[in-house]
Each structure stands twice: as structure tokens, then as C-alpha cells.
Amino acid sequence: MSSVSKAAIAEALSEARERTLALIEPLDDEQLNRVYSPILSPLAWDLGHIANFEELWLVQTIGGREPLHGELGRFYDAIENPRKVRGELPILRDAELRSYMADVRERTLDVLEGVEIGSDVGDPLLRDGFVYELLLAHELQHNETMLQLLQLVEGYEPVWAEFSPPAQPVPGEPETVRVEAGEYSIGAPEQGFAYDNERPRHSVELAAFEIDRTPVSNGAYISLMEATGAEPPMFWERDGDGWVDTSRAGRVPIDPAQPVIHVSWHQADAFARWAGKRLPSEHEWEAARDRLDGLGHGWEWTSSDFLAYPGFEAFPYREYSEVFFGDGYKVLRGGAWATHPRVARPTFRNWDLPQRSQIFAGLRCARDA
Ligand SMILES: [Fe+2]
């Protein structure tokens with residue numbers, strides 16, 4: 001949204017909402033309320049949280065209005081309410097949930113009409129429409145979390161083709177790219193939307209390294225399993241001599257030529273070592289990014305801990321990034337088939353715990369040159 005127009009914001013907000021609603025269209029209320037996994041929220045919580053976050057920022061903070069449901073917002077606070085308790089909370093459900101989402105949106109658009117969002121606006125939340133970009137990214141990122149859960153819903157068939165992963169063949173023996181030693185600029189520039197954790201842009205000194213041009217394939221990962229007895233990726237099941245993916249309706253045979261996803265950081269690290277290589281650091285990944293193929297099927301685990309860049313300043317709230325720094329999280333780069341292009345910036349830093357594999361994550365290998 002470089003040329004920020006209110007019409008473009010309204011349209012992007014409505015596209016994001018259309019995407020959210022398309023994801024849940026095949027489901028009934030019971031499925032929305034059901035807890036499928038202690039590490040994922042029931043979908044009803046995600047939906048209410050999307051609307052509540054929107055109400056908090058775009059209606060209460062920007063518009064100065066009162067919330068529609070009083071204190072309800074505290075049940076949608078992601079830090080206060082860990083995923084394993086969300087199914088028990090007195091959150092909105094069914095018709096009440098749907099009308100809350102619609103009512104908040106109506107107020108959001110009403111507030112939008114009266115605000116100034118140009119590049120010369122004093123309030124950094126409104127300057128260049130920052131807070132609207134933030135809300136769009138938030139909803140689209142929750143779509144990805146919802147897709148993680150939707151893989152656990154038996155028989156779920158997405159209504160849009162874009163919610164089915166594309167086939168992206170990669171070689172079992174990847175070519176490597178050499179990156180020379182030197183200073184590289186890392187992080188998001190001052191202009192344009194980015195999260196606080198992507199800033200400030202700064203330079204880092206890198207030693208020469210080699211990085212695979214393509215991510216690790218299913219076939220290569222199967223070789224690791226056969227050679228070492230390593231655990232299969234999440235959602236894989238044995239089927240005769242081969243493997244099938246149980247994450248979507250039907251049991252889809254695993255294609256050895258596609259990038260592997262649903263591996264944990266530990267599995268990714270073990271693969272890289274077994275292959276005589278290592279995971280790239282996030283700096284190496286970003287420095288080499290323009291020379292990498294096969295991006296966008298799965299997030300790629302890096303060797304890096306999720307830490308603040310030098311000179312980091314929390315904006316607009318500490319709980320987005322700062323509370324996660326240095327707490328055992330590993331950085332993932334790139335983006336997955338489930339990631340909206342608006343989210344998958346080259347500088348975007350995703351993070352998760354090293355034992356997690358429900359996220360759409362694979363890897364590519366690197367080594368010292
Ligand atoms: Fe959220």
C-alpha cells in the first residue's frame with residue numbers, strides 16, 4: 001500500500017475476510033468449536049480473535065470507541081490464554097460469533113472514513129496506513145494457523161484451489177550456490193510495512209558459504225529415514241512400500257520430487273548433519289535469498305534463535321515480538337503454500353519451537369565454503 005488509499009485498504013480488508021470465511025465454509029459450528037489439538041486453537045477462537053484484534057486496534061484505538069462486548073477481549077488475548085485452554089473459554093460461538101465479526105467490520109469501515117492515513121500523518125500507527133497493514137497481515141497469518149488445524153479435520157476439502165499445495169518438483173541432489181564473504185544488509189528498510197522484529201536494517205559480516213539452490217525433497221528425506229530410522233514428517237503414514245500424506249482428504253501418495261514439509265527443527269537439523277551439511281543461519285538465508293529456487297512451498301528452518309536485531313524497538317506492542325526473543329524459538333524464513341504473498345516478505349521472520357512440526361516447514365542445507 002505505497003500509495004495509501006482508503007478504497008484500497010477497504011478492498012484488501014474485504015479480500016482477507018473473504019479468504020477467512022472461505023476456509024471455514026465447509027465446516028459446521030460443532031467443527032468450529034471442537035478442540036482438535038492442544039497446540040492449536042479451536043477455529044471459533046481464531047475467528048473471534050481476528051475480529052477482536054481488529055476491534056481493539058481499528059475501532060477502539062483508532063476510533064476511540066467502546067468495545068461491543070465489554071470485557072470479552074481478555075479471552076482473545078493470545079498471551080493470557082495459551083492454546084491448550086482456548087476451547088474452555090467463554091468465547092463467542094455460532095451465530096453470535098458471525099455477527100460479531102460482521103459488526104466489528106462495519107465499525108472498522110466507518111472509522112476508516114474519518115481518519116487521515118497519509119505519509120505526513122504524525123501518529124505512526126496511521127502513517128501510510130500502518131495499522132491497517134498490521135491488521136491485514138494478522139488476519140492472513142491466522143489463516144495459515146487455521147490451515148494447520150484444518151489438516152486435522154477429517155474429510156476437509158478446501159473450497160478454493162489456492163488452498164491446495166502446488167506441485168514444485170525439486171532435485172534429490174541439489175545444486176549449490178556459493179556466496180562470497182562480505183558485509184550484507186539484513187532486515188527491512190525504513191519505508192514500507194514490516195514488523196518491528198525485521199528492523200532496524202543493519203549490516204552483518206558473513207564468512208563465505210555454500211547453500212543449496214533448492215529445498216530438501218521428500219525423496220531425500222526418505223533416504224535419511226531409511227538410513228537412520230529417523231521419524232517420518234507429521235501426517236505421513238506407511239502405505240505398502242511407500243508413504244501417504246494424511247493431512248488432506250484422501251490419502252495422497254508422497255511425491256519424492258516435492259520439497260519435504262512438516263518436519264521439526266530437530267528433524268531438519270538431523271537431516272542437514274546426516275547430509276554432511278548444516279542449516280543456514282537466517283542471515284545467510286537472507287543474503288542468498290535472491291539466488292534460491294523452490295521458495296514458497298514450505299517455510300525453511302534456520303539455525304538461528306529468534307533474537308532482537310541491534311537497536312530493536314518494540315512497535316506497536318511488546319507482545320508481538322519482544323516477549324518471544326531468546327525463549328528457545330528458532331527462526332523460519334521464506335513462506336509456505338499456506339502463506340499469503342502479502343505476508344511472505346524477504347525480510348519476514350517466522351518463529352516456532354524446535355519440536356513443532358504442525359507448521360508447514362521444511363529446510364534447505366548450507367555449508368561453510
Ligand atoms: Fe493473533
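How many bridges join strand β8 to strand β9, and do the two run parallel or antiparallel? Three bridges, and the strands run antiparallel. Strand β8 covers residues 299-305, and strand β9 covers residues 330-333. Before I go on, a reminder: this is a predicted model.

Let me stay with that pair for a moment. Take D305. Its bridge partner in β9 is K330. β8 and β9 sit in an open sheet of four strands, in the order β10-β9-β8-β11. The pairing there is mixed. Which strands lie at the edges? They are β10, residues 350-352, and β11, residues 361-362. Each of these edge strands pairs on one side only.

Strands pair through backbone hydrogen bonds, either parallel or antiparallel.

On to another sheet. This one is open and has three strands, ordered β1-β4-β12. Its pairing is antiparallel. The edges are β1, at 176-179, and β12, at 366-368, each pairing on one side only. From one strand to the next, the twist averages 20 degrees. Look at β1 and β4. Strand β4 spans residues 209-212, and four bridges pair it with β1 in the antiparallel sense.

Now the metal. What coordinates the iron ion? Three histidines: H49, H138 and H142. Each one uses its NE2 atom, at 2.1 to 2.2 Å. Along the chain, the donors follow the spacing H-x88-H-x3-H.

H49 has a relative accessible area of 6%, so it is buried. H138 is at 11%, and that counts as buried. H142 is at 13%, which makes it buried as well, because the cut-off for buried is under 20%.

What does H138 touch, leaving out residues up to four places away in sequence? The list is H49, I50, F53 and Y195.

Helix α5 has another partner, and that is helix α1. Helix α1 is residues 6-24, and helix α5 is residues 130-150. They pack at an angle of about 10 degrees, with their axes 10 Å apart. Angles under 35 degrees count as roughly parallel, so α1 is roughly parallel to α5. Who makes the contact? On the α1 side, I9, A12, L13, A16, R17, R19, T20, L23 and I24. On the α5 side, Y132, L136, E139, L140, N143, M146, L147 and L150. By class, that contact has 12 nonpolar, two polar and three charged residues.

Last stop, helix α7. It runs over residues 265-274, and A270 is found there. A270 is partly exposed, because its relative accessibility of 37% falls between the cut-offs of 20% and 50%. How far is A270 from Q31? Their C-alpha atoms are separated by 36 Å. Along the chain, the two residues are 239 residues apart.

Key. Residues numbered from 1 in each chain as written. Predicted model: local features only at pLDDT ≥ 70, side-chain atom pairs only at ≥ 80, totals over all residues. Heavy atoms only, no water. Axes fitted to C-alpha atoms, helices over the stretch in contact; angles between N-to-C directions. Parallel < 35°, antiparallel > 145°, perpendicular 65-115°, else oblique. Contact = heavy atoms within 4.5 Å. Nonpolar A, V, L, I, M, F, W, Y, C, P; charged D, E, K, R; others polar. Donors = N, O, S within 2.8 Å, 3.2 Å for Na, K, Ca; no water. Buried < 20%, exposed > 50% of the residue type's maximum accessible area, 1.4 Å probe, protein only. Pairing = 2+ DSSP bridges.
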